[in-house]
Amino acid sequence: MEAVHIGVIGGGIAGLSAAFELEKARAAGQPVEYTLYEARPRMGGSLASETVDGAVLELGPDSFLTEKPAAAELCRELGLDAELLPSNDAARRTWIVVGNRLVALPDGLMFLVPTKLVPTALTRLFSLRTKIRMGMELLHPPRASHADESVAALVERHYGVEAVDRLADPLLSGIYGGGAAELSARTVLPRLVEMEKKYGSLTRGMLTAHRKMRAAMKNSPKSASKTPNRGAAPIFTALRGGMQQLVDALAARLDPARVCLGVPVSAVERAGRAWRVHTGGAVREFDALIMASPAWAAGSLLSPVDAQLGEELSAIPYSSSITVNLVYDERKIGRLPDGFGFLVPVVEGRSLLACTFVHRKFLGRTPPGKAVFRAFLGGAKRESLLAESDQALVATVRREMAEILGAQTLSAEIEPEQVRVTRWRRAMAQYAVGHQERMERIAARVAALPDLRLAGNAYDGIGIPDCIRLGRQAARELVTAAVNLRSGISA
Ligand SMILES: Cc1cc2nc3c(=O)[nH]c(=O)nc-3n(C[C@H](O)[C@H](O)[C@H](O)COP(=O)(O)OP(=O)(O)OC[C@H]3O[C@@H](n4cnc5c(N)ncnc54)[C@H](O)[C@@H]3O)c2cc1C
């Protein structure tokens, strides 16, 4: 039986996960073949880590959300169980920069929604006016319109502009690199949008949902045995050797003869029912394609095949970011505040968006006596920073960290022992207002090309677990279609 040949374009985590699934099917005797194209000389896309003097430095993402199972499942399947490292949640505390001060996020915040009266009343994060507004929010009526809106519009309507500036914006720019004013509420905070429809007040909706969940857990016959485990689940999971371990484990499972590294796809075209893939001077035909490159790259490749699809994909905005890892001799710095690090609201007018105290967030990845900081810069409003030299960026980070943490804690005069600056150009898709509608239009165009699948962070989740889920799902669907085709069942 002749195999169905599937081309995978893009070797980030989405494309690698797709290729892994295809390799498993091929090895199991299913009628599929695959070829993976990655433009850069290395696999992994945004996932990259380096071990320097015994310290694991994450140049891109440092972990994934434990709550979304696809990433840990894949790690276990790859034999990386023992490498999974929980975040040190006992020390979890997040600070927000206000002026040159660090203010702790108040207790009881759930998805940006304040649910505890006393911590909200006592926090220095909000003015009295905002606190009163937060209390009054319990009387908020449901919204009349069901049209999508920005996260900023949703949060401001309920809690006021200060909640946008000091809460929504910093929390979201740490995840999406974009601001609350641009991001789609329906895509980024679907739970809150549903709660508003049902309850009007988000606080009331969140408290009700929480109460129901607690009651369900209490009444569940298995709750007694399950609760301790559930309580122990860490918020984030990392890999002991860094995210690169996942990339390496996936790459090792692929057949090197089926992987083209450093080979950008320059064009794709339809040839009857087949896909023709151009790479430099070479052309190859495939029965199906998985586009796992960023949407802007997929858009320009697919434009000649379907101009409308190309346009929709190219219109998905992306932001760029920079990480700066700094390793210090712990004896040379003062006492850091508790917790994992701090977030910097855009309204503070700084270059820094966030800084993680890496040696606190994940234990055992930094040698004793060292402190590792991972600063995050850029985002949709600070693209110009990408053009600055490494030296200038490091100087900015050191100056701003000294201003925020205090010179007695981390003076800009103290030399870091190691520094790594990494630029991520157009790496983070932005789920802009209207994203769901755009996705529906894209899905309709893709459905008209049944041997095409899209995977990656532009569509249905920005994080690593979602990219893995979409990559594997795309591959599985095409394997099923291949099996049906070869056994004469029409898909
Ligand atoms: C700095 C940073 C921090 C992050 N932190 C976290 C975090 O802590 N937790 C989390 O879950 N997520 C995090 N993310 C998000 C997450 O890492 C990404 O969303 C995810 O890795 C994207 O994977 P992807 O495969 O969709 O795309 P990418 O990683 O962008 O991979 C796409 C690949 O396609 C290739 N390509 C492009 N064009 C072509 C072409 N024409 N031919 C062949 N190949 C092509 C590119 O070279 C690239 O390797 C972070 C992202 C960044 C940038």
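1. From which domains does the shell around the ligand draw at least three residues each? The shell draws at least three residues from domain 1 (4-45 + 245-316 + 431-486) and at least three from domain 2 (49-90 + 318-429); these bounds come from an automatic or database domain assignment. The structure is a predicted model, in which local features need pLDDT of at least 70 and side-chain atom pairs count only at pLDDT 80 or more, while totals for chains, interfaces and linings use all residues. Residues are numbered from 1 along each chain as its sequence is written.

2. The ligand is surrounded by 36 residues, where a residue is near a molecule or strand if its C-beta atom, placed from the backbone, lies within 6 Å of it. Gly-10, Gly-12, Gly-45, Pro-61 and Gly-456 are the closest. At least two residues of the shell come from each of α1 (13-27), β2 (32-38), β17 (318-329), β21 (418-429) and α18 (464-486). Helices (H or I, at least four residues) and strands (E, at least two) are DSSP runs, numbered from the N terminus.

3. By class, the shell around the ligand holds 19 nonpolar, 14 polar and three charged residues. Here Ala, Val, Leu, Ile, Met, Phe, Trp, Tyr, Cys and Pro count as nonpolar, Asp, Glu, Lys and Arg as charged, and the others, Gly among them, as polar.

4. Besides domain 1 and domain 2, the assignment gives domain 3 (108-227). The C-alpha centres of domain 2 and domain 3 are 27 Å apart. Contact involves 15 residues of domain 2 and 12 residues of domain 3, two residues being in contact if their C-beta atoms, placed from the backbone, lie within 7 Å. On the side of domain 2 that touches domain 3, β17, β19 (352-357) and β20 (370-378) each supply at least two residues. That side has 10 nonpolar, four polar and one charged residues.

5. Axes are lines fitted to C-alpha atoms, for helices over the stretch in contact, and angles run from 0 to 180 degrees between N-to-C directions.

6. A three-strand open sheet has the order β5-β11-β6 and antiparallel pairing. β5 (64-65) and β6 (84-86) are at the edges with a single partner strand each, so one side of each has no neighbour in the sheet. β5 and β11 (residues 236-239) run antiparallel and are joined by two bridges; Leu-65 has Phe-236 as its bridge partner in β11.

7. Strand β7 (residues 94-98) runs parallel to β18 (residues 341-343), with three bridges between them, and pairs in the antiparallel sense with β8 (residues 101-104) over four bridges. Trp-95 has Phe-342 as its bridge partner in β18 and Ala-104 as its bridge partner in β8. The hairpin formed by β7 and β8 has two residues between the strands, and Gly-99 in the turn has a positive phi of about 65°.

8. Helices α13 (residues 307-314) and α17 (residues 435-447) pack at about 145°, their axes 10 Å apart. In α13, Gln-308, Leu-309, Glu-312 and Leu-313 meet Arg-438, Arg-441, Ile-442, Arg-445 and Val-446 of α17. The residues of this contact comprise four nonpolar, one polar and four charged.

How values were computed: Pairing = 2+ DSSP bridges.
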